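The sequence and the structure are shown first.

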Amino acid sequence: MLDKGLILIVEDEPAIASILEAYLIRDGFRTVSASDGEIALRHHSMLSPDLILLDVKMPKYDGFEVLARIRRDSNIPVIMVSALAEDLDRLSGLRLGADDYVIKPFNPQEVVARVNAVLRRTRNNAANVAIRFENILVDFDAHAAFTDTGDERQLLPLTLSEFRILAHMIRRPSHAFPRNDLLDACLPQSDALVRTIDTHIANLRRKIEASGGPSGLFPAVRGIGYRLAEPR
């Protein structure tokens, strides 16, 4: 079954949320919904969705506040949704870090098209950059990871699953990733058990340390899963 990623729908009108959910699922996405800004931030932290559809007028925290909090430590794609004309200036400039915006009332098919377009653009951009954490370098273009001691760059002998896990976690080193999230994001269409992640994490830790990388990576987060490194 086609799985194009997880979309977080932040919308306090159940009818609109249901319509968006139906169209996105039909297009091959998985969805999760939040009816207020507080729940949205919790879902973002725990589930690491691939994109957020974020309504501006929300209880507890409005969409602009949610976006500002997300942008403190995440570059996740965000499409803002608004029915208010006075929000247009802020939305059209995208000065808060949104990737796109749509105005209510909207055609659900157009929203799905915008979601696909933003994901293509952001994923292509991400595929052509390298991210460094301490002396670990992940090159997304080369699909390879290295340790860099300054005198020598050494290729890490990672399996595909190990590379996907490292590439997924290095974008947010201090984020606590649930095992289910790592399995879903890095081992798609796999029948592997959730505890398989423990084996991959142990192998990653061993290979990185053996190649001159930092020790103590991938600490367990009790009751959740793992993070790449402890918060500083």
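## Helix α8

The buried residues of α8 are I197, D198, H200, I201, L204, K207 and I208, where buried means under 20% relative accessible area, exposed over 50%, and partly exposed in between (1.4 Å probe, protein chains only). Helices (H or I, at least four residues) and strands (E, at least two) are DSSP runs, numbered from the N terminus. Helix α8 comprises 15 residues and spans 21 Å from its first C-alpha to its last, close to the 21 Å expected at 1.5 Å a residue; the expected span is 1.5 Å times one less than the number of residues. Just after α8, G212 adopts a positive phi of about 90 degrees.

E209 is also found in α8. With a relative accessibility of 36%, E209 counts as partly exposed. Leaving aside neighbours within four places in sequence, E209 is in contact with P214, S215 and G216, contact meaning heavy atoms within 4.5 Å. The C-alpha atoms of E209 and T147 are separated by 9.3 Å, although these residues are 62 residues apart along the chain.

## Basis of the model

The model is predicted, so local features need pLDDT of at least 70 and side-chain atom pairs count only at pLDDT 80 or more, while totals for chains, interfaces and linings use all residues. Residues are numbered from 1 along each chain as its sequence is written, and side-chain values use heavy atoms, with hydrogens and water left out.

## Overall composition

The chain contains eight helices and twelve strands. Of its 232 residues, 47% count as buried. The accessible surface of the chain comes to about 11800 Å², and 50% of that area belongs to carbon and sulfur atoms; areas come from the Shrake-Rupley method with a 1.4 Å probe, and for residues only the protein chains shown count as cover. Among contacts between residues at least 6 apart in sequence, 57% join residues at least 24 apart.

## Packing of α6 against α8

Helix α6 (residues 160-170) packs with helix α8 (residues 196-210) at an angle of about 80 degrees, and their axes are 10 Å apart. That makes α6 roughly perpendicular to α8. Angles under 35 degrees count as roughly parallel, over 145 as roughly antiparallel, 65 to 115 as roughly perpendicular and the rest as oblique. The axes are lines fitted to C-alpha atoms, for helices over the stretch in contact, and the angles run from 0 to 180 degrees between N-to-C directions.

On the α6 side, S161, E162, I165, L166 and M169 take part, meeting I197, H200, I201, N203, L204 and K207 of α8. By class, this contact has six nonpolar, three polar and two charged residues. Ala, Val, Leu, Ile, Met, Phe, Trp, Tyr, Cys and Pro count as nonpolar, Asp, Glu, Lys and Arg as charged, and the others, Gly among them, as polar.

## Buried positions and their contacts

F163 lies in α6 and counts as buried at 5% relative accessibility. Beyond its neighbours within four places in sequence, F163 is in contact with V138, D139, H143, A144, A145 and L158. F163 and H143 are 20 residues apart in sequence and 7.9 Å apart in space, C-alpha to C-alpha.

L156 is placed in the loop between β9 (153-155) and α6, and is buried with a relative accessible area of 5%. Not counting residues up to four places away in sequence, L156 touches A145, F146, T147, L166, K207, I208 and S211. In helix α2 (residues 37-47), H44 is likewise buried, at 5% relative accessibility. The residues that H44 touches, again not counting those up to four places away, include L8, P49, I52, I70, R172 and H175.

Most residues other than glycine have a negative phi, and most peptide bonds are trans. A cis peptide bond joins K104 and P105, with omega about -5 degrees. P105 lies in the loop between β5 (100-103) and α5 (108-127).

E134 has a positive phi, near 50 degrees, in the loop between β6 (130-133) and β7 (136-139). E134 is partly exposed, with a relative accessible area of 42%. F218, not a glycine, has a positive phi of about 60 degrees and lies in the loop between α8 and β11 (220-221). F218 is buried, with a relative accessible area of 0%.
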